[in-house]
Amino acid sequence: MNQLLNKLERKFGRYAVPDLIKYIIVLYCAGAALGLINEGIYYRYLSLNVDAVLHGQVWRLVTYLIEPYGFNGGMGFIVSILFFAIQVNLFFLFGRSLEQAWGTFRFNMYFLSGWFLNIVAAFILYGAMHSVYYMSGFQYIYWSMFFAFAAENPNMEFLFWFVLPIKVKWLAILDAAYLLYNVFANAVTAFSYLEKGYSAQAGAIFSISLAILVALGNFLIYFLSSRNYRRISPGDIRRRQRFKKQVHQAEKKNGGARHRCAVCGRTELDDETLDFRYCSKCDGNYEYCSDHLFTHQHVRKHDQS
């Protein structure tokens, strides 16, 4: 996957949109505004309704991104506005941090693949259960940015409920557990509806589980592709083990010292200010103190023989 992304970046990287998160936030805010006006407009004309797409309403493949934000009524409306503002600020933080860590092209691809995978999931659900409604827009892809951010900054601290300091990695684990619970709960509900013969309702509810799995899968693809696997390769593990063994043998031979000058025999235990280096011109692993690094006679294999 990493090699594929590198090839795509070399070929299409110039088309990547810098600071893409700004435009994503515009879509998110547009969905919030639509939710305040009439969220029914979204489900009637803009949502990812596969049957409508197959009958010519292809704009739904894009407009499904404008998912309404669920504002509460009454006094809860003020709280909803507050949390919406917090979410927008967090999305800016997550998006810009990930673009800086991954690069502009990969961050663009993260959302492009999330958009595409949701469409694929909707068509699979339509084929399997003839479910025309894909109830989740793009909200879980937005929140999957949090997992990517936590993977890049695991020890950053947030104030949980503005009071309790907690590291991002623990919040990510709690959030992942909550999402997986929702996957299971919605799947169980969907199958209960399916047993009763309500396939349309079952498909709509199951689409929420599917959307969560798509978001988590999209995160895992980019998280795993950004890892350095050389450290866990068998060759690299053997090299580190061999090096540790050599260091241990050297310490045992030198009475606990890690370094010994091949000329004078002094170690760091004799003088802690001494600096030791290996000589690249000597044939073999010969180490010298700072006094003899440039004045010693180079060791050659043919001289030893």
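Reader: How do the axes of helix H8 and helix H9 cross, and within what distance do they come?

Author: Two packed helices are described by the angle between their axes and the distance between the axes. In this predicted model, the axes of H8 (residues 139-152) and H9 (residues 168-195) come within 9 Å and cross at roughly 145°. The crossing of H8 with H9 is left-handed.

Reader: Which residues of H8 and H9 make the contact?

Author: H8 brings Tyr140, Phe146, Phe147, Phe149 and Ala150, while H9 brings Val168, Leu171, Ala172, Asp175, Ala176 and Leu179. By class, that makes ten nonpolar residues, one charged and no polar ones.

Reader: What span does H9 reach from its first C-alpha to its last, and which of its residues are buried?

Author: With 28 residues, H9 reaches 41 Å, close to the 40 Å expected at 1.5 Å a residue. Its buried residues are Val168, Leu171, Ala172, Leu179, Asn182, Val183, Asn186, Ala187 and Ala190. Just after H9, look for Gly197, with a positive phi of about 90°.

Reader: Now for Ser97: is this residue buried or exposed?

Author: Ser97, found in helix H6 (residues 76-102), has a relative accessible area of 18%. Buried means under 20%, so Ser97 counts as buried.

Reader: Which residues is Ser97 in contact with, leaving aside neighbours within four places in sequence?

Author: Ser97 is in contact with Phe149 and Asn153.

Definitions and conventions: Residues numbered from 1 in each chain as written. Predicted model: local features only at pLDDT ≥ 70, side-chain atom pairs only at ≥ 80, totals over all residues. Heavy atoms only, no water. Axes fitted to C-alpha atoms, helices over the stretch in contact; angles between N-to-C directions. Helix = DSSP H or I, 4+ residues; strand = E, 2+ residues; numbered from the N terminus. Left-handed = near helix turned anticlockwise from the far one by under 90°. Contact = heavy atoms within 4.5 Å. Nonpolar A, V, L, I, M, F, W, Y, C, P; charged D, E, K, R; others polar. Expected span 1.5 Å × (residues − 1). Buried < 20%, exposed > 50% of the residue type's maximum accessible area, 1.4 Å probe, protein only.
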